[in-house]
Amino acid sequence: MQPAKRILIVDDEKFVTDTLEGFFKSRGYEIFKAEDGQTCLDIIKKDNLDLVLLDIKLPKVDGIEILTLLRRDYPQVRVIVMTAYDIEYKALIDRIGCDAFFIKPLLIDELTDKVVELLSQEKVSSASIAKPQEHIPSGRKTESTSLPENAFPKARILIVSPRDLISVLLRDCFTERGICNGLYEVSKSGLDQLDYIRKFHPDIILLDVVFVGVLGEFGTTLLKMPNPPKEIILFGDPAVTWGEAESLAKRGIKFIEMPANLHDEAYPVKEAIRRLSDAVREACIKHNLYEEGKLNG
Amino acid sequence: MANIREMFHKVGNWHNKISVSAGVTKIELKERFKEKAMPAEIKKLIEVLTDLEKNAVGASRSLNELKALVYDIIEPDSGKPKR
């Protein structure tokens with residue numbers, strides 16, 4: 001007999017956690033409850049959970065912080081976000097990532113279906129995630145050119161472009177098409193870059209070539225940071241700064257052409273995104289940024 | 001007294017409590033009384049609970065519209081009008 005799946009229900013309303021506890025318990029799940037963020041964190045660290053039903057507005061530690069921690073340190077745990085704060089938080093939650101998003105008031109039929117669906121999917125154990133890095137000393141590059149079987153790229157990616165549409169297009173493409181199951185941040189001004197990097201610690205930076213002029217100083221600053229990115233990939237219109245980009249390419253920085261005009265038939269944007277995603281995939285292989293199991297989304 | 005943001009949060013929580021409790025009760029009833037053996041009054045009760053769930057969702061939608069209008073002119077944490 002399989003052990004019962006373990007669900008943590010997090011909501012600041014005791015009535016809701018109690019009601020859902022009774023409901024899911026009667027369906028054979030093992031239930032944990034938290035009415036504040038700190039209790040939630042304690043349970044996450046102590047108990048080996050399968051799924052978290054997470055409210056966002058919580059006392060002590062808020063749900064956004066908990067979601068970020070879950071995605072970073074417990075990627076094998078499924079997370080269903082349930083919040084009334086759809087307008088304020090939806091974009092942020094999308095960026096951090098979750099397995100499902102429910103707007104309150106909750107419809108129990110839909111919630112139950114999603115819980116059953118997520119818990120019937122294959123779970124990636126934390127041991128299997130840590131495995132690839134255990135065998136490769138840090139700093140040493142692997143010579144493999146493809147991902148291991150059942151593995152998919154996973155990285156923290158920062159997209160830096162002054163063009164909102166490009167940033168959104170890239171982020172959506174990586175997220176929705178499942179090219180890379182990572183965490184994404186978008187920074188749109190050159191001045192924002194360093195702040196974002198300090199906060200987000202990206203593995204890979206996709207940098208619009210319009211910022212290439214600042215890359216000299218930017219690159220030096222990056223190298224001095226405690227957690228410099230593992231890879232920088234430039235993209236943009238070659239007509240603008242090809243000379244500089246070429247010299248950067250000689251220094252090992254990859255450059256992917258991306259049309260300034262998204263309807264330019266000479267440089268179809270789809271093709272540019274495909275090449276950019278290939279470059280991300282290669283960087284993930286090179287730096288062992290992958291995870292075993294099924295790709296979300 | 002709670003500020004405007006907290007008040008909206010509270011009302012939203014009430015809607016959620018109504019929806020969750022109606023939904024859970026509805027499913028429990030459906031499971032206890034299988035379709036064929038379900039008495040007419042239980043069928044009616046399930047319909048009422050389904051309506052209650054829908055009404056809670058409708059009320060919440062209106063609340064969100066109201067919230068957007070209020071937040072537009074009043075700063076929700078301080079309660080002061082926006083300039």
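These entries record what I looked up in a predicted model.

**Conventions.** I number residues from 1 along each chain as its sequence is written, with chains lettered from A and ligands numbered from 1 in the order in which they are written. Since the model is predicted, local features need pLDDT of at least 70 and side-chain atom pairs count only at pLDDT 80 or more, while totals for chains, interfaces and linings use all residues. Helices (H or I, at least four residues) and strands (E, at least two) are DSSP runs, numbered from the N terminus.

**Helix 1 of chain A.** I checked the length of helix 1 (residues 14–25) of chain A: its twelve residues should span 16 Å at 1.5 Å a residue, and the end C-alpha atoms are 16 Å apart, which agrees. The expected span is 1.5 Å times one less than the number of residues.

I then listed the buried residues of helix 1 of chain A, which are Val16(A), Thr17(A), Thr19(A), Leu20(A), Phe23(A) and Phe24(A). Seen down the axis, these buried residues fall within an arc of 165° and so line one face of helix 1 of chain A. The arc is that of the directions from the helix axis to the C-beta atoms. A residue is buried if 20 or more other C-beta atoms lie within 10 Å of its own, exposed if 12 or fewer, and partly exposed in between, with C-beta atoms placed from the backbone. On the face turned away from the buried side I found the exposed residues Lys14(A) and Gly22(A).

**The sheet of chain A.** I traced an open sheet of five strands in the order 2-1-3-4-5, with parallel pairing. Its edge strands, strand 2 and strand 5 (100–103) of chain A, each pair on one side only. Two strands pair if DSSP finds at least two bridges between them. Strand 4 (residues 78–83) of chain A is joined to strand 5 of chain A by four bridges; within strand 5, Ala100(A) is the bridge partner of Ile80(A).

**Backbone exceptions.** Most residues other than glycine have a negative phi, and most peptide bonds are trans. I noted a cis peptide bond from Lys104(A) to Pro105(A), with omega near 5°. Pro105(A) lies in the loop between strand 5 and helix 5 (108–120) of chain A.

I also noted a positive phi, near 70°, at Lys60(A), in the loop between strand 3 and helix 3 (63–73) of chain A. Lys60(A) counts as partly exposed because it has 14 C-beta neighbours inside 10 Å.

Asn288(A) has a positive phi near 60° and sits in the loop between helix 11 (269–286) and strand 12 (290–292) of chain A. With 18 C-beta neighbours inside 10 Å, Asn288(A) counts as partly exposed.
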